[in-house]
Amino acid sequence: MAPTHPRPAASLLLLAAILSVAGLATAINSSGFTGGVTVYWGRNKDEGSLAEACDTCRYTIVIISFLDVFGHGKYHLDISGHDPSTLGADIKHCQSVALVYLSIGGFGNQYSLPTNQSAVDLADHLWYTYMAGHKAGVHRPFGDDVEIDGIDFFIEHGSPDNYDVLANRLWSFNKGFRARTPAQLSATPRCRYPDRLLGKAIATGVIGRINIRFYDDSYCAAHWRQEWDKWAAAYPTQDYQLYIALPASEKVVGYIHLKSLHLSVLPVLQKAESFVGFTIWDRYSDRITNYSSSIVHWT
């Protein structure tokens with residue numbers, strides 16, 4: 001049985017408001033898709049600004065990626081040449097229509113959590129540098145008054161150890177807040193269930209959104225139904241929110257043509273109560289192909 005994820009009512013009301021603003025909660029199209037769309041931003045300088053992405057009103061969550069170095073007392077933010085100091089106004093602008101997360105990990109090999117203490121240190125760094133925590137002398141690259149809404153775990157290599165410690169530590173910061181949930185959490189595992197690297201973190205029950213990656217992996221592309229059924233069975237209720245992560249470019253393994261998506265894939269996904277939407281890789285490709293817009297407005 002999947003552990004229950006405690007999500008306060010205020011958080012649910014915020015999500016509902018965001019869906020309404022984005023035009024996704026009430027706009028039922030011919031495909032029957034009424035869920036949310038998440039997108040990864042920060043992987044290409046030519047993807048446009050964060051504000052431009054949010055102004056499309058396609059996305060309910062925008063994930064800035066990546067904090068790609070951590071675990072040994074060093075931290076590094078790689079957003080493909082975008083200037084972090086200019087993001088503050090964009091983040092605030094986006095938060096009127098979407099949640100804004102920061103993703104940790106990525107495709108590099110300069111991150112790990114070798115000890116429990118390294119996980120605690122990373123949680124504190126994220127909380128005081130990017131989130132609702134404030135501490136004298138801590139530099140906040142997005143601005144002193146800018147607070148992102150959550151952290152995404154995008155772990156591609158290394159050991160699974162201590163990401164559960166990280167998740168629990170981040171979630172513990174919510175205890176001081178009643179009206180909101182300032183440390184929301186998501187995970188982006190590969191499709192094979194259970195995920196080797198993030199399984200322990202997800203099992204804590206505090207990661208409420210799971211973006212299951214069905215791209216960049218030929219096995220996942222070929223066996224999506226088999227693996228999706230495993231995830232849906234493990235997390236059958238809306239205590240967890242399952243997103244299907246797909247590429248916006250047909251050049252990437254795992255791309256699904258829109259007709260197939262709506263006629264063959266979506267009916268399967270919608271049988272699961274926990275399915276809530278799609279996660280798009282990435283904003284640069286989506287800007288070119290308008291894939292997410294076609295998901296929502298397909299006819």
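One more term before the tour: helices (H or I, at least four residues) and strands (E, at least two) are DSSP runs, numbered from the N terminus.

A bit of housekeeping. What you have is a predicted model, where local features need pLDDT of at least 70 and side-chain atom pairs count only at pLDDT 80 or more, while totals for chains, interfaces and linings use all residues. Residues are numbered from 1 along each chain as its sequence is written, and side-chain values use heavy atoms, with hydrogens and water left out.

So, the overview. The protein has 11 helices and nine strands. Of its 299 residues, 55% count as buried, where buried means under 20% relative accessible area, exposed means over 50%, and partly exposed is in between (1.4 Å probe, protein chains only). And if you take the contacts with a separation of 6 or more, 74% of them come from residues 24 or more positions apart.

Let's go to strand β2, residues 61–69. How many of its residues are buried? Nine of nine, so to speak: the strand is mostly covered. Now its neighbours. Two strands pair if DSSP finds at least two bridges between them. Strand β1, residues 36–41, runs parallel to β2, and four bridges join them; there, Thr38 has Ile61 of β2 as its bridge partner. β2 also runs parallel to β4, with six bridges, and Ile63 is partnered with Tyr101 in β4. Then there is strand β3, residues 76–77, which is antiparallel to β2 and joined to it by two bridges. Look for Leu67, which stands opposite Leu77 in β3. β2 and β3 form a hairpin with six residues between the strands, and Gly71 in that hairpin takes a positive phi near 110°.

Next, helix α5, residues 163–172. Which of its residues are buried? They are Tyr163, Leu166, Ala167, Leu170 and Trp171. Seen down the helix axis, these fall within an arc of 125°, so they line one face of α5; the arc is that of the directions from the helix axis to the C-beta atoms. That buried set packs against β4 (99–106), α4 (116–129), β5 (150–155), β6 (184–187) and α6 (199–202).

Let me stay with α4 for a moment. Two packed helices are described by the angle between their axes and the distance between the axes. Here, axes are lines fitted to C-alpha atoms, for helices over the stretch in contact, and angles run from 0 to 180 degrees between N-to-C directions. α4 and α5 pack at about 40°, with their axes 8 Å apart. That makes α4 oblique to α5, since angles under 35 degrees count as roughly parallel, over 145 as roughly antiparallel, 65 to 115 as roughly perpendicular and the rest as oblique. On the α4 side, residues making the contact include Asn116, Ala119 and Val120, and on the α5 side they include Val165 and Arg169.

Further along, helix α8 covers residues 224–234 and helix α9 covers residues 258–269; they pack at about 20°, with axes 11 Å apart. These two are therefore roughly parallel to each other. Trp224, Arg225 and Trp228 of α8 meet Ser264, Val265, Val268 and Leu269 of α9.

What is buried in α8? Glu227, Trp228, Trp231, Ala232 and Ala234. They cover an arc of only 165° around the axis, which puts them on the same side of α8. The buried residues of α8 pack against α6, β7 (209–213), α7 (218–222), β8 (241–247), α9 and β9 (275–281).

Most residues other than glycine have a negative phi, and most peptide bonds are trans. The bond from Tyr193 to Pro194 is cis, with omega near -5°, and Pro194 sits in the loop between β6 and α6. Trp281 and Asp282 are also joined by a cis peptide bond, with omega about -10°; Asp282 is in the loop between β9 and α10 (283–289).

As for phi, Asn162 has a positive value near 80° and lies in the loop between β5 and α5. Buried or exposed, this Asn162? It counts as buried, at 8% relative accessibility. Asp216, in the loop between β7 and α7, has a positive phi of about 60°, and Asp216 is partly exposed, with a relative accessible area of 39%.

Note on methods
Contact means heavy atoms within 4.5 Å.
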